[in-house]
Amino acid sequence: MKLSVSGRAAAAAVVAATTLLATGSLAGAAPATPTVAAAPDIPVANVKAHLSQLQSIATANGGNRAHGRTGYRASLDYVKAKLDAAGFTTTIQQFTSSGRTGYNLIADWPGGDTTRVVMAGSHLDSVTAGPGINDNGSGSAAVLETALAVSRAGLQPTRHLRFAWWGAEELGLVGSRYYVNNLSSANRSRISAYLNFDMIGSPNPGYFVYDDDPTIEQTFKTYFSGLGVPTEIETEGDGRSDHAPFKNVGIPVGGLFSGADYVKTSAQAAKWGGTAGQPFDRCYHSSCDTITNLNDTALNRNADALAYAVWTLSS
């Protein structure tokens, strides 16, 4: 559901008044300020256009976008081309896992304090069973469209912005772990926040917020509060996605999640809608995780929350 101008203004006011007053462990947090540059609405149609491209790539490459397969590299090339055209500095990081070559894609937005880096990332690979449009095309497409929104806005954040798309997450967080393990101690200390987005368009969605870092958590919670959408603490994927390698070396992390194969309770259906007694995503890790396996409202809300966090935490 696209937020009205008045609704977005209210959400922005909540973020400005509350998020920056929150205390937490976000490295190098600046003193509270009275205003925050307004983040843009992320058009869900744009996010879905990227997802349609990822679906087409999977269809043309054996039905998946898995590590070491042609569909994964084609997905990476699609994302990289968009970022290069938008003025990002992109880097492909290569690694090997299970006898196959894998790739991470890192995109840096010029400017900002490189001693205080805000990162947003998602894994780009699918399982071999299907095209992985919710898991994790949804996060990858929303991170991409947020990065493109940064370019369209000509954003000049106080902190340096970096976006990432990880390979071989489905094999055990291989790509993100490789990235973190190959950072020097100094470069690790420069990352003040890592935001992770893994499955944010589940067809029977919940609204889950990581509770790892108080400041990041509060940023997301106050955004959803401005929409009148209740949230819960994310537990299903705790430690099972690409934030874990960052968290394990002391980098503040946070993120969003709309649910995988856990079953939605009656209480959750009462506050979020959807179907109690059914998984959040019945197509999790299956061939039916296609372009039809999405909830547009959840995808839209989470993409907008992603942009709010990027704008707020980098200001």
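A search of the whole structure finds 1 disulfide. Please bear in mind that this is a predicted model. Which residues does the disulfide join? The partners are Cys283 and Cys288, with an S to S distance of 2.1 Å. The torsion about their S-S bond is about -115 degrees, so the disulfide is left-handed.

Are the two cysteines buried or exposed? Cys283 has 1% relative accessibility and therefore counts as buried, the limit for that class being under 20%. Cys288, for its part, has a relative accessible area of 30% and is partly exposed.

I turn now to the helices. Two packed helices are described by the angle between their axes and the distance between the axes. Here the pair is helix α2, residues 44-60, and helix α4, residues 133-153. Their axes come within 8 Å and cross at roughly 130 degrees. The crossing of α2 and α4 is right-handed.

Which residues make the contact? From α2 come Asn46, Val47, His50, Leu51, Leu54 and Gln55. Helix α4 contributes Ile133, Gly137, Ser138, Ala141, Ala142, Leu144, Glu145, Leu148 and Arg152. Sorted by class, this contact has 8 nonpolar, 5 polar and 2 charged residues.

Thank you for your attention.

Key. Residues numbered from 1 in each chain as written. Predicted model: local features only at pLDDT ≥ 70, side-chain atom pairs only at ≥ 80, totals over all residues. Heavy atoms only, no water. Axes fitted to C-alpha atoms, helices over the stretch in contact; angles between N-to-C directions. Helix = DSSP H or I, 4+ residues; strand = E, 2+ residues; numbered from the N terminus. Left-handed = near helix turned anticlockwise from the far one by under 90°. Contact = heavy atoms within 4.5 Å. Nonpolar A, V, L, I, M, F, W, Y, C, P; charged D, E, K, R; others polar. Disulfide = S-S within 2.5 Å. Buried < 20%, exposed > 50% of the residue type's maximum accessible area, 1.4 Å probe, protein only.
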